[in-house]
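Here are some notes to read alongside the model, written for someone meeting a structure of this kind in a first course. Please keep the sequence and the 3D view open while going through the points.

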Amino acid sequence: MANASGLFSPSMPTLRRIKIQPSVGVSRSGSSGSNKVVLGRILCGGTSEKHASGAVSSESRVPKVIGKGCKLIGCGSAIPTLQVSNDDLAKIVDTNDEWISVRTGIRNRHVLSGKDSLTGLAVEAARKALEMAQVDPEDLDLVLLCTSTPEDLFGSAPQIQKALGCKNNPLAYDITAACSGFVLGLVSAACHIRGGFNNVLIVGADSLSRYVDWTDRGTCILFGDAAGAVVMQACGAEDDGLFAFDLHSDGDGQRHLNASVNENETDHALGTNGSVRDFPPKQSSYSCIQMNGKEVFRFAVRCVPQSIESSLEKAGLTGSSIDWLLLHQANQRIIDAVATRLEIPRERVLSNLANYGNTSAASIPLALDEAVRSGKVKPGHMIATAGFGAGLTWGSAIIRWG
């Protein structure tokens, strides 16, 4: 069992069979996917060999034991220059500042305009995080971009790698999980580090303003654009800063929150003699965001506290061990409801929703960066964080800053 300091036993534990649960999490005596995690050591491989006779060998391949931990050592963020207030929105849709702020807690948001680009924001946030971490871009082993709005269909992470000047060609790829993306990025980075990497850059960046129907007052009031980044670095097991996690998806909930593909009519068609039908394929684009606000609210206030409680249990911690609650900044009512359920007082809840709105995968690192730079979050502080959104996807992690 873990304790609040996250110390590990340095000795090699006796292995036992562990039943895999539907949710996953790194804990001191849990499991994560196909990799068994015992006292912070990931056991890779260990598959049984089958003889020609059909019998399974009692001597399976010896697993590789990795005793690495990971810690967060730097953060950064960036926002577009254009700020849009509730009063600005009231000029284009039937709404007002009081109606928006009472229902959401949002007063302003920033949106891409002019020469701004999402990749540019991501690079700016990344540079700030690397500077704080005192890590040179050439020392990065991996760049993860958590986004659902890349500026290239095939992913934008390699462009961040290029702009940073990473000359050693580190791996760079996108993670698409909407507002849960950054939490998945944290877990993915930890797995890569425990597999041998040393320095991982995790960027959460989204520009949902490009997919908002600005005539729909139910959704256009919610979203803003931003980027946030953290640097995760390998460390000894005794300094591990990821205590546990809990991740889920429910595709049935997609009907409540989505931006699905729309097929556009083409100006011409081939195969008019009937030899080829439905060719060429119709050009497609994504629809504006469609959301059932009431159902998403119910989902969040039910599933997010359960996930955080699960992560705390896996880590062997209680809510009183947590210094800060840091949720995806979707709606202040959701944040307040989750904090109440977990019995975490308001003064221990991080929220910057009023100034930025829902920035999707950027919201957690954006709020974290502000809290660190303002002196609220200090090295050694324990944070319960959770993301939730389209998919539906949701997940939580118990982390330590610094």
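1. The model is a predicted one, and its protein chain holds nine helices and 20 strands. Of the 402 residues in the protein chain, 50% count as buried, while the chain exposes about 18800 Å², of which carbon and sulfur atoms supply 49%.

2. Strand 20, which runs over residues 393-400, deserves a careful look, because eight of its eight residues are buried, so the strand is largely enclosed by the rest of the structure. Here buried means under 20% relative accessible area.

3. In a regular strand, side chains alternate between the two faces of the sheet. Both faces of strand 20 are covered, with Thr393, Gly395, Ala397 and Ile399 buried on one side, and Trp394, Ser396, Ile398 and Arg400 buried on the other.

4. Which strands pair with strand 20? Strand 12 (residues 242-249) pairs with strand 20 in the antiparallel sense over seven bridges, and within strand 20 it is Ala397 that stands opposite Phe245. Strand 19 (residues 382-389) also pairs with strand 20 in the antiparallel sense, over eight bridges, and here Ala384 has Ile398 of strand 20 as its bridge partner.

5. Strand 19 and strand 20 form a hairpin with three residues between the strands, and in this hairpin Gly391 takes a positive phi near 140°.

How values were computed
Residues are numbered from 1 along each chain as its sequence is written. This is a predicted model: local features need pLDDT of at least 70, side-chain atom pairs count only at pLDDT 80 or more; totals for chains, interfaces and linings use all residues. Side-chain values use heavy atoms; hydrogens and water are left out. Buried means under 20% relative accessible area, exposed over 50%, partly exposed in between (1.4 Å probe, protein chains only). Helices (H or I, at least four residues) and strands (E, at least two) are DSSP runs, numbered from the N terminus. Two strands pair if DSSP finds at least two bridges between them. Accessible areas come from the Shrake-Rupley method with a 1.4 Å probe; for residues, only the protein chains shown count as cover.
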